[in-house]
Amino acid sequence: MSDYSREERNNRQIILWGTDGQEAVDNARIVVLGSDSVASEFLKNIVLHGFGNVTIIDDAIVNKEDLMTNFLVDANDLGKPRAQSVANLLSELNEDIKVTTKIQSPSDLS
């Protein structure tokens, strides 16, 4: 945990959209289908902004192409569920958010 209060960490955002807006961001629930390189860029941005609860739904396994295109996975993740690897690094970017994964194909959702 950092030595800064939540308000100190989010000071710029509070100036931008006010305390009510920041509270909405803190309490937001975001579901992202997939964890490829494009989804990872989006996930990084919402995690750094402090969106409180993020769920990643994906059943892909980290492969060699991911190592070249997805900055949220590394060689140690090869062969592991990509959603979990991405979630682990997102949690390191902002320890105040909750990142969960569901290892399931997004196309199976209805």
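Colleague: How do you know that strands S1 and S2 pair, and in which sense, parallel or antiparallel?

Modeller: In this predicted model, S1 (residues 29-33) and S2 (residues 53-57) are joined over five bridges in the parallel sense. Two strands count as paired when there are at least two bridges between them, so five bridges meet the requirement. Within this pairing, Ile30 stands opposite Val54 of S2. The chain passes from S1 through helix H3 (residues 37-48) to S2, and this β-α-β crossover is right-handed.

Colleague: What makes the side chains of S1 an alternating set?

Modeller: Ile30 and Val32 point to one face of the strand and are buried.

Colleague: Which residues make the nonpolar surface patch?

Modeller: The patch is made by Val31, Leu33 and Leu109, and covers about 270 Å². Leu109 is found in the segment after strand S3 (98-102).

Colleague: Why is Leu109 called partly exposed?

Modeller: Its relative accessible area is 35%. Buried means under 20% and exposed means over 50%, so a value of 35% places Leu109 in between, as partly exposed.

Colleague: Why is Ser105 called buried?

Modeller: Ser105, which also lies in the segment after S3, has a relative accessible area of 14%. The limit is 20%, and 14% is under it, so Ser105 counts as buried.

Colleague: What separates the C-alpha atoms of Ser105 and Asp58?

Modeller: They are separated by 5.2 Å, although the two residues are 47 residues apart along the chain.

Colleague: What makes the contact of Lys44 and Glu41 a salt bridge?

Modeller: The N to O distance between their side chains is 3.2 Å. A salt bridge requires a side-chain nitrogen of Lys or Arg within 4 Å of a carboxyl oxygen of Asp or Glu, so this pair qualifies. Both residues lie in helix H3, three residues apart, which is about one turn of the helix. Glu41 counts as partly exposed, because its relative accessibility of 34% falls between 20% and 50%.

Colleague: How many salt bridges are there by this rule?

Modeller: The count comes to three. One of them joins the side chains of Arg82 and Asp58, with an N to O distance of 2.9 Å. Arg82 lies in helix H5 (residues 82-93) and Asp58 in the loop between S2 and helix H4 (64-69), so the pair ties together parts that are 24 residues apart in sequence.

Colleague: Are Arg82 and Asp58 buried or exposed, and how do you know?

Modeller: Arg82 has a relative accessible area of 11%, and Asp58 has a relative accessibility of 5%. Both values are under 20%, so both residues are buried.

Colleague: What makes Asp58, Asp66 and Arg82 a network?

Modeller: The three residues are linked by salt bridges. Besides its bridge to Asp58, Arg82 forms a salt bridge with Asp66, the closest N and O atoms being 3.0 Å apart. This pair links distant parts of the chain, with Arg82 in helix H5 and Asp66 in helix H4, 16 residues apart. Both Arg82 and Asp66 are buried.

Key: Residues are numbered from 1 along each chain as its sequence is written. This is a predicted model: local features need pLDDT of at least 70, side-chain atom pairs count only at pLDDT 80 or more; totals for chains, interfaces and linings use all residues. Side-chain values use heavy atoms; hydrogens and water are left out. Patches are made of residues with over 30% relative accessible area and no salt bridge: like charges are joined within 9 Å, nonpolar side chains (Val, Leu, Ile, Met, Phe, Trp, Tyr) within 5 Å. Accessible areas come from the Shrake-Rupley method with a 1.4 Å probe; for residues, only the protein chains shown count as cover. Helices (H or I, at least four residues) and strands (E, at least two) are DSSP runs, numbered from the N terminus. Buried means under 20% relative accessible area, exposed over 50%, partly exposed in between (1.4 Å probe, protein chains only). A crossover is right-handed if, with the strands pointing away from the viewer, the path from the first strand over the helix to the second runs clockwise.
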